[in-house]
Amino acid sequence: MEITYASPSNSDFGGESSMPTTTRPVRIIPLQHPETTSSSSNASPWAALGRWRSKVVSMTWIEWLELFLPCFRWIRTYKWREYLQVDLMAGITVGVMLVPQAMSYAKLAGLEPIYGLYSGFVPLFVYAIFGSSRQLAVGPVALVSLLVSNVLSGIVDSTDALYTELAILLALMVGIMECILGLLRLGWIIRFISHSVISGFTTASAIVIALSQAKYFLGYDVERSSKIVPLIVSIISGADAFSWPPFVMGSVILAILLTVKHLGKTRKYLRFLRAAGPLTAVLSGTIFVKIFNPSSISLVGDIPQGLPSFSIPKAFGYATSLIPTALLITGVAILESVGIAKALAAKNGYELDSNQELFGLGVANIFGSFFSAYPTTGSFSRSAVNHESGAKTGLSGIVMGFIMGCALLFMTELFESIPQCALAAIVISAVIGLVSILQF
């Protein structure tokens, strides 16, 4: 609709004008109100259900296969000549890094080192199939190990067989919760936790972890606690039993680890050193013990040889008391694993569904619990090394699993002479990066 009208120039200012009038067309656009019926129908649950149904009906069998088995996405597009070598090298690199770390984190959780090796075996294969991230390295981590130790030590003594059964049951419960959150697409709940809260939690946990490992450096027992002050008091009160040999060995190994870690981060041509650090610590400590046989340095001791056998988790009577811890570990999985998985997916140019990722972690924990694994999740340090080593697909995770299987079958006798202070140094070097003083 268009209206034309005339008006004299400058007439509004009260002056006489001899100029001719001008004609200006004005287009009138009628106001259109939104149709309430259509908007309400689009926003209704029935419309959403209809869109979901049409999407499901239109899915091909390949899309269905990729939905239930995310590994099929990279299997059907795998470039053998381009990806195979880098995946193998990345898997071997991180696998060598995982073996000593898994034993260290199991000790932190209050378990025997063998359960750390078990936790780094079956979950890796399962996650490679059901996980959607192609670079995330799954296995035992320091923060989850600390949570397991803090909760279970308040229920039963770590020397009791029930302690191990509860840790395995906790893996099953965490897996079920992760699967439920993933299927219901509730991973967004964690967004309500502020960054400052997360930073404070991880920093305090890192300090507690480091203090709890001091006993292996100092040569005497320290009270097991999840609080900083009691740990410091216990360390000071037992100073009379201080022993120099484990302190010197642990400090030297820790210095080597931190130096190697720094060089691997700052110099690209030395990146391989970052993954070689834990293995270097273990080998140097073991060689020293074999040569000098120091009696004041405690060793790992006997480790059973062979792969884990299938067994159903027990002690279901304690499940109710473990629910809060299982929820907390699930939250850590969302924060740590899903966060780094999405970052790695963006760097490598593929899409990642956080809910599907959470479901994959849950399935890995459920299957792991049937093979004597305690709760596992994605690791920041190992995932970073995996990415820097050039990993392109989940095949690198499968290679890590094979490395762990070889360690369980053929290398457990060598692990018996590993100094406890070497494993403690690995834990401390790993958690130092969690301390974020600048956030406060």
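Student: Which residues touch the most other members of the largest nonpolar core?
Tutor: In this predicted model, the largest nonpolar core has 99 residues, and those touching the most other members are Met103, Leu117, Val148, Tyr374, Met404 and Phe415. Helix 9, which covers residues 161-183, gives the most to this core, with 11 residues.

Student: What makes a group of residues a nonpolar core?
Tutor: The members must be buried residues of kinds such as Val, Met, Phe or Tyr, and they must be joined through side-chain atoms within 4.5 Å. In soluble globular proteins, nonpolar side chains tend to be buried together. There is also a second, separate core of 5 residues, and among them are Cys71, Trp74, Tyr78 and Tyr83.

Student: Which residues does Val148 touch, not counting residues up to four places away in sequence?
Tutor: Val148 touches Ala109, Tyr163, Ala167, Leu170, Ile329, Tyr374 and Pro375.

Student: Why is Val144 called buried?
Tutor: Buried means under 20% relative accessible area, and Val144 has a relative accessibility of 1%, so Val144 counts as buried. Val144 lies in helix 8, residues 142-152, and, leaving aside neighbours within four places in sequence, Val144 is in contact with Ile329, Val332, Pro375 and Thr377. The C-alpha atoms of Val144 and Ala333 are 8.8 Å apart in space, although these residues are 189 apart in sequence.

Student: Is Tyr350 buried or exposed, and what makes it so?
Tutor: The cut-off for buried is under 20%, and Tyr350 stands at 13% relative accessibility, so Tyr350 counts as buried. Tyr350 lies in the loop between helix 15 (319-348) and helix 16 (354-369). Leaving aside neighbours within four places in sequence, the contacts of Tyr350 include Ser132, Ser133, Arg134 and Gln135.

Student: Why is the pairing of Tyr350 and Gln135 called a polar contact?
Tutor: A polar contact needs a pair of N or O atoms within 3.5 Å, one able to donate a hydrogen and the other to accept it. The side chains of Tyr350 and Gln135 are joined by such a contact of 2.8 Å.

Student: What about Ser372, and why is it called buried?
Tutor: Ser372 has 13% relative accessibility and therefore counts as buried. Ser372 is found in the loop between helix 16 and strand 4 (377-378), and its contacts, leaving aside neighbours within four places in sequence, are Tyr115, Tyr118, Ile168, Ser309 and Ser311.

Student: Why is Leu283 called partly exposed?
Tutor: The name covers values between 20% and 50%, and Leu283, at 47% relative accessibility, therefore counts as partly exposed. Leu283 lies in helix 14, residues 272-292, and together with Leu279, Ile287, Phe288, Ile291 and Phe292, Leu283 makes a nonpolar surface patch of about 580 Å².

Student: What makes the pair of Arg185 and Asp353 a salt bridge?
Tutor: The rule asks for a side-chain nitrogen of Lys or Arg within 4 Å of a carboxyl oxygen of Asp or Glu. In Arg185 and Asp353 the closest N and O atoms are 3.3 Å apart, and the pair forms a salt bridge. Arg185 lies in the loop between helix 9 and helix 10, and Asp353 in the loop between helix 15 and helix 16, so the pair ties together parts that are 168 residues apart in sequence. By this rule the count comes to 1 salt bridge.

Student: Are the two partners buried or partly exposed, and why?
Tutor: Arg185 is partly exposed because its relative accessible area is 46%, and Asp353, at 27% relative accessibility, also counts as partly exposed.

Student: What is noted about phi of Arg185?
Tutor: Phi of Arg185 is near 55°, a positive value in a residue other than glycine. Ala315, which is not a glycine, has a positive phi of about 60°; Ala315 is placed in the loop between helix 14 and helix 15 and, at 18% relative accessibility, counts as buried.

Conventions. Residues are numbered from 1 along each chain as its sequence is written. This is a predicted model: local features need pLDDT of at least 70, side-chain atom pairs count only at pLDDT 80 or more; totals for chains, interfaces and linings use all residues. Side-chain values use heavy atoms; hydrogens and water are left out. Buried means under 20% relative accessible area, exposed over 50%, partly exposed in between (1.4 Å probe, protein chains only). Helices (H or I, at least four residues) and strands (E, at least two) are DSSP runs, numbered from the N terminus. Contact means heavy atoms within 4.5 Å. Patches are made of residues with over 30% relative accessible area and no salt bridge: like charges are joined within 9 Å, nonpolar side chains (Val, Leu, Ile, Met, Phe, Trp, Tyr) within 5 Å. Accessible areas come from the Shrake-Rupley method with a 1.4 Å probe; for residues, only the protein chains shown count as cover.
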